[in-house]
Structures are given as structure tokens and as C-alpha cells.
Amino acid sequence: MSLRKQAFKGAVALGAGRAVIDLCSFARNIIVARLLTPADVGIGATFWITVALLQMISDLASDRLLIQAKDGDEPRFQASVQLWEFGRGVLNSVLLFALAWPAAYLFKSPQALWAFQCVALIPLLRGLSHLDIRRVQRHLRYGPQTVVEASGQIVSLLLAYPVCRLLGNYAALLVLTLVQEGIRTGASFVLAERPYRWAWDRVYVHRLLSFGWPLLINGVLLFAIMQGDRLIVGTAFSTHDLGLYAMAFALANTPFTLLGSVLNPLALPLLAAVQDQPAAFQRRVRLCNAVFALAAGPVGIPLVLCAPWLLERIYGTSYAAAGGVFAWLVAARLLWFLRHPPTTAAIARADTKNALLANVFRSSGVILAIIAALLRTSLVAIALAALIGEFAALLASAARLRRRHTVPMSATFVPLAVVGVALVAAGLSQEAWHGLPSISIIGLAVVLIGLYCGALVLAFPTLRAELHGAASHALSRAAGVLVRSSGSRI
């Protein structure tokens, strides 16, 4: 098998594993939301925010250095990185324990002080992970890492119902999180090929610091982007509001993350194969934008159309009030999903600054959210700030792609315009279908999706040609199978 085919196969397997992990996490969220109050869910969300803060602002990407470095297979190199990660875990645990009191009061949860102290065990468990499962990715072996991540999620999912029923409050989320991290760390030792060792080598540590400090700065930026809105909600609003917002975000994020895990591994090899052919590269960028939009619309339209109904049916009546927030978050995550083609196209041409620039512009949404919180506005304003930030990021990414790689911005914004019209139509229709029978709602969603897909196919001749070719190929293969089957029977 060629290296490109092996890389492609590994990327697809990694995407499939990511999909399984995300589905398990989503199913666990449903169980938790059904059995616990939004306030308890909000307190549980603060645990992850606190841990993510320290993890992301202290991440030197040592596991990625093992994959990138030419001598990453050296046992002493790996042992030095493992000692560094353990020391980082110990330091973060001490800091988390010391910050437990101010964190509990910052998030207006003084009764959960003991839980914030126990959260300090999470960085310690992560710091003890065996990094051999990362090292083998140098050889395009993604299976061990996928199994390790999935094992913790699956066990946490299986325990979610009995633990929530037994404890009945935010303590259940703490237990599930600790179990998940413990299983993950244990699985990394089971699947490792080498024994776990520590070593101290000043040369390797110096290389780690040189490699990781720019990514450390990017980690701070990523925390602001990925967790900033929930941090703002947790400090400016109640834990009940944070629970509503966190669950609405999880539901809005999951389908687009799943789509990304399937489409992203396919897009990069296709774009990289023609990176030195400007005309062909432009055509494939347009095609990728159209395909991503074709996948996103049929997901985003019914989510916006049925926002309150979906939240109530999936999470329970306590979460129906977050319907307006959910609709805006769906639009924001859809824009995030549509940002993948331009950033992937830039990576295909070795332009890694495109994603960084987009994230800088995305942070404008965090600034707007802070202003909205200071003005004591609603959760909808926080979600709208996230949408504005995602639009700014998409605009910056497409503009850099045009400036550096001569890909016209119409390749990104034509499908975006079609998506925008469809989401506005779905949002305006949301109030109109209350009281209608379910079959009418389904019919309305089908009509909107059909009109959307038709408009997208008309706007992109390349997409139309690809769909026609795929349909012809499928019919040809089906006819061949029928002919061979008939011949064998005769």
C-alpha cells in the first residue's frame, strides 16, 4: 500500500473513531440532562471549564513533537516527554486544588467546593498517560489512540444512568469524569508497546520548549474561542443558565463535528493532490465548499426549524426555554463547519497561518460576549456574539485564501449565501408551525431542504457534474451486478 493510500485510510479510520466518541458523549449528555437539573449540569460544566483553562494554557504539544520529530522513536526522547507531562499534571493539580475556593465562588457554587477540589485529580490522571499510543502515529497507526479515547467515553456512557440515579446531583458528573479519565489512562498502558519510563535530558527538554511555546500562545487563544462563551455565562449568569447554554451548545455542535470527522479526512488529500495546479485547485476548492454546504444544510435547517421542540424531546421540558439560544448556536456552528474548506485548502498548500488568523478574528465574538454580559443582556446575545465571531473568522480565512492562493472569495460566499437564506427561512417558519401536526412540520422541513439543495446544485455546476457522474457510476455498477447475477443463475 502506498504512503498516500495508507495515510488516507488512517485518516478515514480516525474520523470514524472520532464519530463514535462524539456519539457516546452526546448519548451521555442526554442521560445526564434527563436525570439532573440544569443547575447541576451547569455546575458540571464549570468543572470542564476550569480543567480546560489550565490544560490549554500549559500545553506545549509534547505529544505532537513525538510525531513530528525525526528522532521521535528514541526511547529516551519519549521518556523525557513523559516525565515532562507528569510534572505538568502535578503542577496543574496543585494549582487546581489551590484555585478550588475562588473557582467555586466565581461560578456561584460554594456548596460544590469539595467537588472543585476533587477535580484536581483530572490533570494528574492525564499526566500519567502512556505516550506510546501517540508515538505510533508516526507510522500512521491511529487505532490505539482511537481505542483509548473511545474506551473512556463508552464506560462513562454505560455508567451514566446508574450513577446519576444513585447520586442525583452534580456529584454524578464528577464521578463520570474521573472514571472516564481513569479508564483512558489505564487503556493507554494496556495498548502501549514499550514499558513506561521517565528520563531527563536537557537537550530534549530544550527542544520541547522551543517547539511548544508558540503553540502555548495559540492554546490561550483556543481556550478563549472554545470555552470563552461558557466561561462568561458561568460567571455572569446562574448555573441554571449555564446548564441550558451548555446543553444547547452540545446539541448544536455534535452533528457538525460528526460531519467534519467524515469529510475533513477526505478533503485534504483531494486538495493536496492538485496543490501545484492552480486551475484544478480552484475547481476542487469550489467543489469542497459546495459539498460541505450540501451536507450542512439538511442538518442545520431542521435544527433551526424545530429548535424548542428538539430540546424538549431530547433533553426534557426543563431545556425548552433554550430554543432561541439553540437556533443561534446552530447557525454559529454551521459557519464554523463551513470554515473547514478554506482552512483545509490553505493547509494543502502548507499555509498553516490561515487557521491562526481565522482564530484571531474569531476571538472578536468573545469580546462581544463580554460586552453583552457586562450589559446584563440575555443568553441569546451571547450566542449571537458567537455567530458574529464565526462569520468574522470565515471572512478572514476566505480573504487570506484569495490573497495568498488566488482562490476567489465567491467559492466560499456563494454557498454561504444559500445557507443564510435557508436558515432565515427556517427561523421565520419556527413560530408558524406551533400547533401544526407533526406531518406538516416534517413536510415543511422536506420542502425547505429540497429548495436549498436545488439552489446549491444550480449555483455550482461542478457539484452538479460530480453528482451526475456519481449517479451514473452507481447505476452502471448496479446494472453490472444484475447482469452478472442473472448470468450466474442461467
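I began with burial: 49% of the 490 residues in the chain are buried. The model is predicted, and I kept that in mind throughout.

I then looked up the accessible surface of the chain, which comes to about 22,300 Å². Carbon and sulfur atoms account for 70% of that surface.

Secondary structure next. I found 20 helices and 0 strands in the chain. For contacts between residues at least 6 apart in sequence, I noted that 83% join residues at least 24 apart.

I turned to the aromatic rings. The whole structure holds 12 aromatic pairs. I looked up phenylalanine 47 and phenylalanine 116: their ring centres are 5.2 Å apart and their planes stand at 85°, so I logged the pair as edge-to-face. Phenylalanine 47 belongs to helix α2 (residues 38-57) and phenylalanine 116 to helix α5 (residues 113-118), so this pair ties together parts 69 residues apart in sequence. I checked burial for both rings. Phenylalanine 47 has 4% relative accessibility and counts as buried. Phenylalanine 116 is buried too, at 2%.

I also noted one aromatic cluster, formed by Phe86, Phe189, Tyr196 and Trp198.

Then I looked for charges over rings. Arginine 230 lies over the face of phenylalanine 249, 4.0 Å from the ring centre. Arginine 349 lies over the face of phenylalanine 281, at 4.1 Å from the ring centre.

My last entry is threonine 185. I located this residue in helix α9 (residues 171-190). Is threonine 185 buried or exposed? At 7% relative accessibility, threonine 185 is buried, because the cut-off is under 20%. Leaving out residues up to four places away in sequence, I listed its contacts as Leu125, Arg126, Leu128 and Ser129.

Technical notes:
Residues are numbered from 1 along each chain as its sequence is written. This is a predicted model: local features need pLDDT of at least 70, side-chain atom pairs count only at pLDDT 80 or more; totals for chains, interfaces and linings use all residues. Side-chain values use heavy atoms; hydrogens and water are left out. Helices (H or I, at least four residues) and strands (E, at least two) are DSSP runs, numbered from the N terminus. Buried means under 20% relative accessible area, exposed over 50%, partly exposed in between (1.4 Å probe, protein chains only). Contact means heavy atoms within 4.5 Å. Accessible areas come from the Shrake-Rupley method with a 1.4 Å probe; for residues, only the protein chains shown count as cover. Rings of Phe, Tyr and Trp (its six-membered ring) pair if their centres lie within 6.5 Å; planes under 30 degrees apart count as stacked, over 60 as edge-to-face and the rest as tilted. A charge sits over a ring if NZ of Lys or CZ of Arg is within 6 Å of the ring centre and within 35 degrees of the ring normal.
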